[in-house]
Amino acid sequence: MKFSRLARLACLLVLGMPLAACQRNETAASWQLTDISGHMPDLAFQLTNDQGKAVTAADYRGKVALLYFGYTHCPDVCPLTLAHLHVVMQKLGKLAEGTQILFVSVDPQRDTPEALHTYVTAFDPRVVGLTGSPAEIEALTKRYRAAFSREPGKASDSYEVSHSSGIYIFDAGGKARLLATPDDAQDKLVHDLYLLLSAGGTP
Amino acid sequence: MKPGMLLLWLMPLLPPQVQATQADQIKASHAWIRLLPANLPAAGYVTLDNQGSSAATLVSARSAFYASVMLHQSATDTTGSSSMRMLDRLTVPAHGEVSLAPAGYHLMLQEATHPFKPGETIDITLDFADGSHLRVPFSVRPANAPD
């Protein structure tokens with residue numbers, strides 16, 4: 001019948017393309033986020049975690065790390081990003097155990113380990129809050145060109161912070177791999193993290 | 001007398017050309033607050049649908065449950081740097097819609113009178129340029145609520 005021949009042709013055309021795409025090997029082309037491999041330094045820092053303990057990047061080796069800069073007096077973009085990451089963790093299911101979300105405060109004056117702990121655990125128990133001396137924080141933001149600035153607010157004791165909104169993703173070996181923005185769909189993050197995690201986090 | 005006749009009789013008694021206020025024209029929906037711990041500043045979101053034939057301009061907002069309510073806008077510049085700025089006003093065009101939604105316009109809510117719980121409803125009053133007001137119930141949602 002003419003109809004069925006047409007339908008078969010359509011199926012071939014439509015399904016043929018993804019098949020061809022699948023045959024390409026799973027490398028740079030298959031990432032949905034921005035590939036920053038080789039363009040950003042390895043994960044390295046000396047900070048204090050939300051339990052008040054001194055930590056370094058080595059403490060998180062072996063896990064895919066998601067590094068995000070923010071601060072607790074940030075009512076809109078930071079909570080949105082952390083809420084998205086919470087959903088991403090849920091979607092990853094068991095694979096989420098191989099990831100570590102690191103929320104680095106760019107407002108160490110106000111963000112004590114206790115304040116950070118209360119904040120990050122409101123989103124997901126798997127998020128670790130990190131703070132440190134202004135110099136330590138500045139060193140880390142400079143390392144990833146995540147500029148931030150502080151502007152005086154309306155009230156005398158208040159100020160507002162502008163900060164980089166990117167999520168830097170490192171593989172289990174601490175190599176910078178991908179950059180996500182808060183605008184990127186959760187599914188893109190899930191897709192790429194799935195690839196990174198199923199590859200054991202190393203290329 | 002038929003009810004319709006009564007209405008006809010009363011019609012001339014109504015003031016001519018009753019002008020709807022800006023608040024009357026606005027239908028508010030999807031009003032919610034993302035609750036943050038430790039009395040940190042929180043954000044309120046709402047969709048404003050202007051069903052009138054003239055613009056409505058939001059000039060301020062207030063609540064008995066917060067010491068301060070400010071109209072803010074988050075913006076991300078080309079370098080990916082995110083910041084907030086305060087707005088004096090926000091216009092909802094005639095027959096148009098403006099969403100206060102995450103990573104854009106929002107009400108910045110500071111110093112709650114007492115700790116809230118997800119599921120509670122908090123009233124926030126929106127003030128419009130013509131002096132009219134709209135009281136909107138906002139539902140309190142947990143910090144990690146998806147938008």
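Predicted model: local features only at pLDDT ≥ 70, side-chain atom pairs only at ≥ 80, totals over all residues.
Local features are taken only where pLDDT is at least 70 and side-chain atom pairs only at pLDDT 80 or more, while totals for chains, interfaces and linings use all residues. Residues are numbered from 1 along each chain as its sequence is written, with chains lettered from A and ligands numbered from 1 in the order in which they are written.

Chain A has five helices and ten strands, these being DSSP runs numbered from the N terminus (H or I, at least four residues, for helices; E, at least two, for strands). Of its 203 residues, 40% are buried; that is, 20 or more other C-beta atoms, placed from the backbone, lie within 10 Å of the residue's own. As for contacts (C-beta atoms, placed from the backbone, within 7 Å), 73% of those in chain A between residues at least 6 apart in sequence join residues at least 24 apart.

Turning to the contact between the chains, 26 residues come from chain A and 24 residues from chain B. On the side of chain A that touches chain B, helix H2 (77-92), helix H3 (113-121) and strand S8 (159-164) each put in at least two residues. H2(A) gives the most, with seven residues. Sorted by class, this side of chain A holds 13 nonpolar, ten polar and three charged residues; Ala, Val, Leu, Ile, Met, Phe, Trp, Tyr, Cys and Pro count as nonpolar, Asp, Glu, Lys and Arg as charged, and the others, Gly among them, as polar.

H2(A) itself has 16 residues and spans 22 Å from first C-alpha to last, close to the 22 Å expected at 1.5 Å times one less than its number of residues. It is mostly covered, with twelve of the 16 residues buried; among them are Val77(A), Leu80(A), His84(A) and Met89(A). Just after H2(A), Gly93(A) takes a positive phi of about 60 degrees.

Strand S9 (residues 167-170) of chain A is covered on both faces, with Ile167(A) and Ile169(A) buried on one side and Tyr168(A) and Phe170(A) on the other. S9(A) runs antiparallel to strand S4 (residues 64-70), joined by four bridges, and Ile169(A) is the bridge partner of Leu66(A). Four bridges also join S9(A) to strand S10 (residues 176-180), again antiparallel; here Ile167(A) partners Ala180(A). Strands pair if DSSP finds at least two bridges between them. The hairpin of S9(A) and S10(A) leaves five residues between the strands, and there Gly174(A) takes a positive phi near 85 degrees.

Notes
Contact = placed C-beta atoms within 7 Å.
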